[in-house]
Amino acid sequence: MNRLQADSLTALAALDSVPIAKVTGRLVKVNGLMLQAVGCRFKLDQRCLIVADDGEQIEAQVVGFDHNIAYLMPVRQLGGLYAGAKVIPMQGGSTVNVSHEWIGRVVNGLGEPLDNGESLQGGERLSLEPKPINPMKRQPVESPLDVGIKAINGLLTVGKGQRIGLMAGSGVGKSVLMGMITQFTAADIIVVGLIGERGREVREFIERNLGEEGRKRAVIIAAPADESPLMRLRATKLCHRVAEYFRDQGKDVLLMMDSLTRYAMAQREIALALGEPPASRGYPPSVFSLLPQLLERAGNGENPNGSLTAIYTVLAEGDDQQDPVVDSARAILDGHIVLSRTLAEQGHYPAIDINASISRCMSSCTEQAHVTVANQFRQLNANYQQVKELLPLGGYQQGQDPELDQAVMMQPQLKQFLQQPVNEHCDYQASLTQLANLFSSQSATSTMEH
């Protein structure tokens, strides 16, 4: 080999060390939380890095575009941006590493620890946007899930793989009920999503409601109200992705998300900033198209050994059960549990309005005898509500209607069954036994009277 050939090979080898040019854009406008960038080809939902004046890289995501202008939403709070700042497109979608090391940890929407623990690096790398499950391959809801609350176990039985909404106004005990369910539910893994709530409630829920024992099998993902709308959306998707991972591993998973309304509000902020017109109470149409896409990710998958039961709290603003988010969620979910402010003000906890609540999967995961007794309970409770206002006025006379007489006579026992102290656990079989004993004792009393 002559010298010329050797120099040529050396020159070719040196080309490998030459850095490849990267196409970047530039920031041209900041309007509130919405950023506008031009200069390169951005894709919808693509992640980007914006270089601030101090060299810090701020992560953002493409949420829309208009001709050659891309609209970006930052993941974190803004700071240090300037006109012409470099915008670097990132390759690949949003991913996260998930493993069993997540159990017992508290993380944010990016999977970063909030509990001063070690960073979570290992595990299987998963996309936050998995492919939809073929509906013909989903496992059916066939067996009941013990949630440890006798009113729910007995009268609103939840099945493994069911999705149910916890509809409540503010201050009626939904966080306390959520904590009871999280502690008492017979599930392998519990994923708790605290989305858009007050920051102080994160620690309070973990220490007071969840407890040390509950935390040992739980993954807590928090995005308080002071986080950006995009971070709240990311945390919501992360909750579902972590729950899906453990479900596909063959585990019985309970997903508790507080709240679905805050997720809808975060999407509303982004849509309105993009100029989408409001449709119903300030919510743009895109919110109601994204809700089913999110909620359909919960439920059973293809693995016959795993299940994913989801309970979403839905804030009924002003106790209005016709709130657009409440109404939309009620139509999509497999049932709803309504908490009553009237019952809460009477010191009746959990403040579940049995006759306004329903579990659509109850008949498919319980025995017919159980369903019959539950319907009888609901009928008696409904009959009592009809004459409740007349009793103090003397407008109801005993002996006129046998069904109303039975409802009035059994009301103390019905009310006692619906109440449960915060620290009391009532398993599924005990709930059914207490429910059956209500009517067996009543039958014996009626026989003696006759």
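Modeller: Start with Glu-207 and Arg-203: they sit 4 residues apart in helix 4, so about one helical turn separates them. Helices here are DSSP runs of H or I with at least four residues, strands are E runs of at least two, and both are numbered from the N terminus.

Biologist: What do the side chains of Glu-207 and Arg-203 meet in?

Modeller: A salt bridge, at 2.8 Å from N to O. The term means a side-chain nitrogen of Lys or Arg within 4 Å of a carboxyl oxygen of Asp or Glu.

Biologist: Are Glu-207 and Arg-203 buried or exposed?

Modeller: Both are exposed. Buried is under 20% relative accessible area, exposed is over 50%, and partly exposed lies in between, with a 1.4 Å probe and protein chains only as cover.

Biologist: Before we go on, what am I looking at?

Modeller: A predicted model, where local features need pLDDT of at least 70, side-chain atom pairs count only at pLDDT 80 or more, and totals for chains, interfaces and linings use all residues. Residues are numbered from 1 along each chain as its sequence is written, and side-chain values use heavy atoms, leaving out hydrogens and water.

Biologist: Back to helix 4. Where is its kink centred?

Modeller: On Asn-209, with a kink of about 65°. That bend is the angle between axes fitted to the seven residues ending there and the seven starting there. Asn-209 is one of the buried residues of helix 4, which also include Phe-205 and Leu-210.

Biologist: What does helix 4 span between its end C-alpha atoms?

Modeller: Only 18 Å, over residues 200-215. A straight helix of 16 residues would span 22 Å at 1.5 Å a residue; the expected span is 1.5 Å times one less than the number of residues.

Biologist: New topic. How many salt bridges does the structure hold?

Modeller: It holds 20. One of them joins Arg-234 to Glu-59, with the closest N and O atoms 3.4 Å apart. That pair links distant parts of the chain: Arg-234 is in helix 5, Glu-59 is in strand 4, and they are 175 residues apart.

Biologist: Is Arg-234 buried or exposed?

Modeller: Buried, at 8% relative accessibility. Glu-59 is buried too, at 17%. Arg-47 joins Glu-59 and Arg-234 in a network of salt bridges.

Biologist: And which salt bridge partner does Glu-244 have?

Modeller: Arg-297, at 3.1 Å from N to O. Glu-244 lies in helix 5 and Arg-297 in the loop between helix 7 and strand 16, so the pair ties together parts 53 residues apart in sequence.
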